[in-house]
Amino acid sequence: MVSDNDLLEEVFNNFLKGPKIFKNRAALRPDYIPQYLPHREEQIVRIGRILAPVLRGFRGSNLFIYGKTGTGKTAVVKHVLEYLLRKSREVNSSIAISYVNCRISGTNYRILADLGGDLGMNIPFTGLATSEVYSRFKTSLDLQGVLMIVVLDEIDTLVKNHGDSILYELTRINELLKHARLSIVGISNDIMFKEFLDPRVLSSLSEEEVVFRPYMAPELKDILLERTKITFYDDVLTEGALNICSALAAAEHGDARRALTLLRVAGELAEREGTPKIIEDHIRQAQKKIEHDRVNMILRTLTPHSRLVLCGMYLIRKAKITTAITGDVYEVYTELCGEIGFEPLTQRRVSSLISELDIMGVLNARLVSLGRYGRTKKIRLGLTNSTIIEAYSDDPWIKNLLKFKPKCLLSKVKR
Ligand code: ADP
Ligand code: MG
């Protein structure tokens, strides 16, 4: 009998025998910041100019940066700040820099606690009122008498979830400080974000604005080429693969993060296959794998009722009914609920679950008019059977229900 260790021995030996693809894997991770950022010279210089006054002891203007995801905002800002910090030490200017990702920190309390933490304050994880944390932060900042630059990245998620009260406080804080000064760099992935802000907050936050436009295919190619030098051994990435990778990511709103992920997954596929080169087909396979993983992830995070709606759509298609209307889905859904002893939601709630699934790309729902009988949705499933079966292989209820034959479908004529 082959023991587990023999199998592992073979896996490891095969890997070691295989071609060398990656020189440095970490350099393809999303948080890696390269020293050279092609096609962002203009933004780097502008942000540098806006923040430079702190080197002479003056507060820099507040700055508002926006652009779609993967356009290099975080990388550029971190790059500029790192340099600024080094320069400030060289000229003995006392500045403090705090970078907070609002999506990760999540709440007003956490954000203030993180800012305080960067001033060396010790703020408990919970337990104080947010206003108390703010006031301690203000006091400490003034005592230290520093020029502080606060970067609030993914600020759009904060404002959408918790409003703009903390921004309002922070944009006014200088009026209350005697010895310190604070400037804010706000970064948003949502380009319509400004509409969520109180006009007073907006006008102080956007004393200066810098826009990051999506990258075009040739720009993405330069970015990838530069990164390739660090990550892959020479001649691993073929010209064809590079071109298709840039083109695919350019089509996807010029997203450099997407391009780098494609490249990493393609490299892993080539490595696992034991091929010494990354070719076009690896990029295409990588694209499919990423999409598959994304959908799988969505399916696995659906709530029980959404799963039942999806399961209903699956059974409807299995019964060879190609387009279903909301009423059909609801009928199957209630039968499935009965089968496992769930209290069904109302048809209105189910209709809104269908809309959510549509937005996620799991279903395609189209509103149609039924003349004087009002309107309904025509719904199709947007996934393959195997995707659904795989995603729910460890949900025993759904797994069984996918094999169920609903009575209500027996009488339906084919549409
Ligand atoms: P954003 O914050 O706009 O969503 P990021 O700054 O996180 O985008 O960039 C996404 C990824 O693409 C990161 O891994 C980053 O290093 C890389 N990247 C973006 N722009 C460039 C560039 N001009 N040169 C090199 N890498 C870049
Ligand atoms: Mg970012």
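D114 is partly exposed, with a relative accessible area of 24%; buried here denotes under 20% relative accessible area, exposed over 50%, and partly exposed the range in between (1.4 Å probe, protein chains only). The model is a predicted one, in which local features need pLDDT of at least 70 and side-chain atom pairs count only at pLDDT 80 or more, whereas totals for chains, interfaces and linings use all residues. Residues are numbered from 1 along each chain as its sequence is written, chains are lettered from A and ligands numbered from 1 in the order in which they are written, and side-chain values use heavy atoms, with hydrogens and water left out.

The side chain of D114 meets that of R110 in a salt bridge with an N to O distance of 3.2 Å; the term requires a side-chain nitrogen of Lys or Arg within 4 Å of a carboxyl oxygen of Asp or Glu. R110, at 18% relative accessibility, counts as buried. An α-helix has 3.6 residues a turn, so residues three or four places apart point the same way.

Helix α5 covers residues 108-118, and because 8 of its 11 residues are buried, the helix is largely enclosed by the rest of the structure. Helices (H or I, at least four residues) and strands (E, at least two) are DSSP runs, numbered from the N terminus. The buried residues of α5 are N108, Y109, R110, I111, L112, A113, L115 and G116. They pack against strands β2 (95-101) and β3 (147-153) and against helices α4 (102-105), α6 (130-144), α7 (155-162) and α8 (165-172), contact meaning heavy atoms within 4.5 Å. Just after α5, G120 adopts a positive phi of about 85 degrees.

R136 is partly exposed at a relative accessible area of 34%, and E132 is partly exposed at 32%.

Another salt bridge joins E271 to R25, with the closest N and O atoms 2.7 Å apart. This pair links distant parts of the chain, 246 residues apart: E271 belongs to helix α12 (residues 256-273), and R25 to the loop between α1 (4-17) and α2 (41-51). E271 counts as buried at 16% relative accessibility, while R25 is partly exposed at 39%.

On the scale of the whole chain, the structure holds 21 salt bridges, with 19 helices and 8 strands. Of the 415 residues, 44% count as buried. Among contacts with a separation of 6 or more, 72% come from residues 24 or more positions apart. The C-alpha trace spans about 80 × 60 × 50 Å along its principal axes.

The chain is divided into domain 1 (41-211), domain 2 (215-298) and domain 3 (302-414), with bounds from an automatic or database domain assignment. The C-alpha centres of domain 2 and domain 3 lie 36 Å apart, and their contact takes 5 residues from domain 2 and 7 residues from domain 3. The area buried between them is about 510 Å², 58% of it from carbon and sulfur atoms; buried area is the accessible area (1.4 Å probe) that two parts lose on being put together, summed over both. V295, N296 and I298 supply 76% of the area that domain 2 buries against domain 3, more than any other three residues. Across this interface of domain 2 and domain 3 the rule finds 0 salt bridges.
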